Amino acid sequence: MLLHLHVKNLALIRETEIDFSEGLNILTGETGAGKSILIGSMTMALGGKVPKEMLREDAEYALAELVFSVKNRELLQRLQELDIPMEDGELILSRKISGNRSICRLNGETVSASVLKEISSWLIDIHGQHEHQSLLHKKKHLEILDAYAHEELAPVLAPLSECYESCQRCQRELEESLLDANARVREQSLLEFEIREIEEAELKDGEDELLEQSYRKMVNSRKIMEALQMVLQFCGGGEISASEQTGRACRELSGIVKYDEGLEALSSQLQEIDDQLQDFTRELDDYMESLEYSEQEFREIEERLNLINHLKAKYGQTLEEIKAYQEEKQKRLDLLANYEQHIEKLQKEQEKLAEELEAYCKKAHEIRMKAAEKLTVLMQEQLGELNFLDVRFDTVVRDTDSLSANGSDDVEFLISTNPGEPMKPLGKIASGGELSRVMLAIKTVMADQDAIDTVIFDEIDAGISGRTAQKVSEKLALIGKSRQVICITHLAQLASMADSHYCIEKQALDGNTQTRIRRLTGEEITEELARILGGAKITDAVRWNASEMRRLALQFKMKTGKT
């Protein structure tokens, strides 16, 4: 259940908070007061898209937080898997948007937007202003039926989808393998050439790096030799070399050690330096001798490098990639060498997968047919309670030849709203108000199929009035008996049924227009109902009418055990 909403810096809302209650929560207000902003803030907190124009230009960030009471065991298990800490069974969903950056959190732990959306799908169901228009599309009808039959259908749809993907993969592989004889010969010839070219190179791991080092050394050997000769001259190749100078220094120092024993340590250090310099000079001389090489050796290394670089340009950037390419082409060559057997194997696999897919589709069709019968009966009852007096409703499931990851069924809702009229597709005869009531009936039926505790209706009253509006209000009150309902409405009939009534208002503050939301009590509720009922002027008669409407609503709730 949704306990609390906190919004900051979103459109006309500078900052506001609302505590929601159990049952039916009604929100009303003048047109343009900011009711849509409220839904937008909830959508934002749940990880949905937020138009840039909804963010206040004078603020550094926008924030939306929702606090839920969580009792669902499966959801609690999922939160535990995500390492989300829980205290007192409450879960805080928050989202902060600053510039192009969005930060989502669950109980203070940063999560991705996808995780936030996943968790929110367990908590709340938002029925937007225009969602009922989706009933005009048959694809939505299939989604609704599948949601209704989810418990039985899900174990079938999962393997059905996997089987369909495997079938598609096998079909693609078969189509790619069906080559004509000439094309197959050409491909085999090319593969044999490429494999032979790589094999004849006899590549060794790390060979290219060693060759490149040797090649760089040979190409730059003249520069290296000139520099080393200078080093040798400075260190030990002449009268002014470092070696000659340290030798003289050693002789001078050793000659005076007999006069002061304290000089022995310095003499030993200098002797070590002289010895190290002698060793360095010898190693440098050996290295310079190793730089000598033949022109033939240079050409061999150069040709080998050219061959390796040629293979890299054709088959891969590294020796590992070249060998991997060779293995891949060898598999393809082996396949072409056994072409007929491969095609036969693919065809048998495809036939087997097609049989499995057909069996899954048949099973899904049977489940949908049974679910459609039950859904039709329930929808007929719910529509009757929503002032469809002579309505006939049917859920038609047709088995088509078109297979997909969802089966082979085409689902369509048919309806007749007047006596004597034939059943026709819902999208062709239902008005906007009728579609709203059909969607409400669907939501009512689906309420018992899921574990979502909070349902939000944004102007479910579109296109209805009078007796029909009264029936819709009674239906919302009944839904509120089993779960929390939050409803934005313009109709007094719906507002009068509220267990908690909130008013959304615009007010000027410090030269700025801001939206605020407050819970109404006592006579404030009657005044708000009178405002909805009345015109430019609220008379005593309008107030009496509003008071009578509240009395009748309370009487209905007492009759149905609501209060």
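Student: What makes Lys8 a residue that stands opposite Leu63 in strand 4?

Tutor: This is a predicted model, in which local features need pLDDT of at least 70, side-chain atom pairs count only at pLDDT 80 or more, and totals for chains, interfaces and linings use all residues. Residues are numbered from 1 along each chain as its sequence is written, and side-chain values use heavy atoms, with hydrogens and water left out. Two strands pair if DSSP finds at least two bridges between them, and strands are DSSP runs (E, at least two residues) numbered from the N terminus. Strand 1 (residues 2–10) and strand 4 (residues 62–69) are joined by 6 bridges and run antiparallel, so they count as paired. Within this pair, Lys8 faces Leu63.

Student: Which residue stands opposite Lys8 in strand 2?

Tutor: Glu15 does. Strand 2 (residues 13–19) is antiparallel to strand 1, with 6 bridges between them. In their hairpin, 2 residues lie between the strands, and Ala11 takes a positive phi near 50°.

Student: Why is strand 1 called mostly covered?

Tutor: Buried means under 20% relative accessible area (1.4 Å probe, protein chains only).

Student: How many cavities of 30 Å³ or more does the structure hold?

Tutor: There is 1. A cavity is a set of points on a 1 Å grid over the protein atoms alone where a 1.4 Å probe fits but cannot get out; lining residues have an atom within 4 Å of a point. The largest cavity has about 70 Å³ of space. Its lining has 10 residues, and among the closest to its centre are Asn72 and Trp122.

Technical notes. On a 1 Å grid over the protein atoms alone, a cavity is a set of points where a 1.4 Å probe fits but cannot get out, and a pocket is an open set with protein on both sides within 12 Å along at least five of seven lines; lining residues have an atom within 4 Å of a point. Grid points are joined across faces, edges and corners, and a volume is the space filled by probe spheres set on the points. Buried means under 20% relative accessible area, exposed over 50%, partly exposed in between (1.4 Å probe, protein chains only). Helices (H or I, at least four residues) and strands (E, at least two) are DSSP runs, numbered from the N terminus.
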